[in-house]
Amino acid sequence: MTTEEKIDGTALDGVAATCLWTLRNRAEESIHPGSSFDDPLAERLYRRIDYDFERFGRPSQSHPLRALALDLAIRAYLDRHPEATVVALGEGLQTTYWRLGRPGVDWLTVDLPPVIDLRRRLLPPEPRMTAIPVSALDHSWMDVPDPARGVFISAEGLFMYLERDQVMSLITECAARFPAGQLFFDSIPPAFSRRTMKGYRMSDRYTAPPMPFGLTVSAAARLPAQIPGVATAEDLQPPPGRRAWRSRTLRRIAALPGPRDLRPSATLLTFAG
């Protein structure tokens, strides 16, 4: 397959299509001359997929900065557990594996069959990567990683599309199955969740899928007291971005007890072990 051949992205719809939205944002940020975010593979996929990306509205730095926060968390865990398996739930068209530059790590991709098919057509094959075409809620994927070697689970851009009881059940099962493991997930505030349930239009041609699950930073901090096996919950502020995303003042305000519950967040859970 030549690099010039276009791949049709219109086979994805609903929640699955949001992987094209996040890909566009990462690629555009990687292309931007003033950015510190470097994702050449995302740029390549962006050029190869035939899709009306402009329907998602203006690009945002939120997704690439979220990706950087995840990169840092995975690297830190692998430094302590070099033989660990990384499990990417609902991975979409994320290119985290290649950004990390650690080809020896065992990597498990869990996503819906149409997304797995698109990944296989677009991404280079890697001997240490395994794809399982199931929903993250199908717990059969949990039989694959070896808990004794360490397990890092990412749920980047996933939990907001699930129901609360599904999220809590998934975290509970992960904590029980993977002692001393970690789980990264991001959240939207409940007020924004309610807005999406009424139909949130990102542009005149695109309405975001409903996002029934919202969680504040304060609520995430209480998860260790609510879910057996969850030892700690850490609020991860993303690395500085460009312009307003670099402002030290805004970052300090975003960390204050009141304002922090009004913003999207990223949480790193550590399981007891």
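The side chain of Ser-203 reaches the backbone nitrogen of Tyr-206 at 3.2 Å, and the backbone nitrogen of Arg-205 at 3.1 Å. A polar contact here is a pair of N or O atoms within 3.5 Å; within protein, one must be able to donate a hydrogen and the other to accept it, and residues adjacent in sequence count only if both atoms are side-chain atoms. The model is predicted: local features need pLDDT of at least 70, side-chain atom pairs count only at pLDDT 80 or more, and totals for chains, interfaces and linings use all residues. Residues are numbered from 1 along each chain as its sequence is written, and side-chain values use heavy atoms, with hydrogens and water left out.

Ser-203 lies in strand S8; helices (H or I, at least four residues) and strands (E, at least two) are DSSP runs, numbered from the N terminus. Residues up to four places away in sequence not counted, Ser-203 touches Arg-55 and Gly-57, where contact means heavy atoms within 4.5 Å. Ser-203 counts as buried because its relative accessibility is 16%; buried means under 20% relative accessible area, exposed over 50%, and partly exposed in between (1.4 Å probe, protein chains only).

Glu-43, in helix H2, also counts as buried, at 16% relative accessibility. Its side chain is joined to that of Ser-30 by a polar contact of 2.5 Å. Neighbours within four places in sequence aside, Glu-43 is in contact with Ala-27, Ser-30 and Ile-31.

| Side chain | Partner | Distance |
|---|---|---|
| Glu-43 | side chain of Ser-30 | 2.5 Å |

Helix H1 (residues 18-31) has 14 residues and spans 20 Å from its first C-alpha to its last, close to the 20 Å expected at 1.5 Å a residue. The expected span is 1.5 Å times one less than the number of residues. Because 12 of the 14 residues of H1 are buried, the helix is largely enclosed by the rest of the structure. Among the buried residues are Trp-21, Arg-24, Ala-27 and Ser-30. The elements that the buried residues of H1 pack against include helix H2 (40-48), helix H3 (62-80) and strand S8 (201-203).

The lining of the second largest pocket includes Trp-98, Arg-119, Arg-120, Glu-126 and Met-129. Helix H5 (113-122) and strand S5 (129-132) are the elements that give two or more residues to this lining.

Conventions:
1 Å grid on protein atoms, 1.4 Å probe; cavity = no way out; pocket = protein on both sides within 12 Å on 5 of 7 lines; lining within 4 Å.
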